[in-house]
Amino acid sequence: MVRTLLQSGSPMRCRRARKRASLLCRGPINKGNTTMMPCHRYWKRGVAAHCSKMSVNEVKIKTSAVAFQVRGTGPPSSRTFAIGNEDHTLGNCLRHVLVQNAKVGFAGYSVPHPAEPIVHIRVQANEPTTAVEALREACDTLNKQCEMVLAKLEERLPEVREDKIQVEKKLSTMAEEEQAYDEMDGDEDE
């Protein structure tokens with residue numbers, strides 16, 4: 001059935017939709033002017049909405065359910081921090097800054113799975129410093145280092161400042177579009 005749908009010029013362009021359709025053994029559902037496809041979380045909007053936003057080679061990274069979480073029991077000098085929507089970039093930077101701190105006995109990070117946007121940072125601080133204090137110091141240090149590098153770069157290359165302004169504008173419009181998209185998605189669920 002799926003093969004005949006694909007050969008007949010059906011709007012099933014999304015690989016995920018094709019796979020999902022083959023698993024569900026369902027074809028397109030026509031409701032008025034809209035053809036709806038079984039396309040993972042885009043079931044109500046259909047493949048056309050999903051494929052118009054992304055190309056075949058792009059990957060929609062899911063957001064983490066956890067923004068920030070402190071894990072661990074026992075002494076306050078030993079904790080694991082789960083930071084959502086981050087990857088090796090932040091994990092390795094924080095680990096590097098933590099290891100350079102004399103108050104920290106051990107620091108490491110891991111990403112449980114490449115498809116999950118979460119990083120776990122393990123901190124074991126020397127007494128009387130707590131792991132939370134050590135991580136806070138590391139975040140402040142990393143922030144200061146990034147600001148210093150950006151300031152020196154903007155000083156040397158004025159076009160970097162212009163690029164920064166353009167990127168900030170683009171990010172704000174993308175955030176507004178995503179918020180509107182999420183509101184539209186919430187309206188369709190009702």
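Author: Start with Ala125, which counts as buried because its relative accessibility is 9%, and buried means under 20% relative accessible area, exposed over 50%, partly exposed in between (1.4 Å probe, protein chains only). The model is predicted: local features need pLDDT of at least 70, side-chain atom pairs count only at pLDDT 80 or more, and totals for chains, interfaces and linings use all residues. Residues are numbered from 1 along each chain as its sequence is written, and side-chain values use heavy atoms, with hydrogens and water left out.

Reader: Which residues is Ala125 in contact with, leaving aside its neighbours within four places in sequence?

Author: Contact means heavy atoms within 4.5 Å. On that basis Ala125 is in contact with Ser77, Lys103, Val104, Gly105, Thr130, Ala131 and Ala134. Ala125 itself lies in strand β6, residues 118–125. Helices (H or I, at least four residues) and strands (E, at least two) are DSSP runs, numbered from the N terminus.

Reader: What makes β3, β4, β6 and β5 a sheet, and in what order do the strands come?

Author: Two strands pair if DSSP finds at least two bridges between them. Strand β3 (residues 68–71) and β4 have 4 bridges and pair in the antiparallel sense; β4 and β6, also antiparallel, are joined by 7. The 4 strands form an open sheet in the order β3-β4-β6-β5, with antiparallel pairing. β3 and β5 (104–110) are the edge strands, as each pairs on one side only. From one strand to the next, the twist averages 15 degrees.

Reader: Which residues stand opposite each other in these pairs?

Author: Phe68 stands opposite Ile83 in β4. Phe81 has Ile121 of β6 as its bridge partner, and for Gly84 the partner in β6 is Ile118. β3 and β4 also form a hairpin, with 6 residues between them. In its turn, Gly72 has a positive phi of about 125 degrees.

Reader: Why is strand β4 called largely enclosed?

Author: The count decides: 7 of the 7 residues of β4 (residues 78–84) are buried, so the strand is largely enclosed by the rest of the structure. Both of its faces are covered. Ser78, Thr80, Ala82 and Gly84 are buried on one side, and Arg79, Phe81 and Ile83 on the other.

Reader: How does helix α5 lie relative to the strands?

Author: α5 lies across β3, β4, β5 and β6, and runs at about 45 degrees to β4. For such angles, axes are lines fitted to C-alpha atoms, for helices over the stretch in contact, and angles run from 0 to 180 degrees between N-to-C directions.

Reader: What makes Phe68, Val70 and Val132 a nonpolar patch?

Author: Patches are made of residues with over 30% relative accessible area and no salt bridge; like charges are joined within 9 Å, nonpolar side chains (Val, Leu, Ile, Met, Phe, Trp, Tyr) within 5 Å. Val132, in helix α5 (residues 131–156), has a relative accessible area of 35% and is therefore partly exposed. Phe68, Val70 and Val132 together have about 250 Å² of accessible area, by the Shrake-Rupley method with a 1.4 Å probe, where for residues only the protein chains shown count as cover.

Reader: How do you know that Lys103 and Glu137 form a salt bridge?

Author: A salt bridge is a side-chain nitrogen of Lys or Arg within 4 Å of a carboxyl oxygen of Asp or Glu. Between Lys103 and Glu137 the N to O distance is 3.2 Å, and the pair meets in a salt bridge. The two belong to distant parts of the chain, 34 residues apart: Lys103 is in the loop between α4 and β5, and Glu137 in helix α5. Lys103 is partly exposed at 38% relative accessibility, and Glu137 is partly exposed at 31%.

Reader: What joins Glu154, Arg161 and Lys164 into one network?

Author: Glu154 forms a salt bridge with Arg161, with the closest N and O atoms 3.6 Å apart. Lys164 forms one with Glu154, and there too the closest N and O atoms are 3.6 Å apart. Lys164 lies in helix α6 (residues 158–189) and Glu154 in helix α5, so this pair ties together parts that are 10 residues apart in sequence. The salt bridges share partners, and that joins Glu154, Arg161 and Lys164 into one network.

Reader: Is Glu154 buried or exposed?

Author: Glu154 counts as buried, at 11% relative accessibility. Arg161 is partly exposed at 46%, and Lys164 is partly exposed at 32%.
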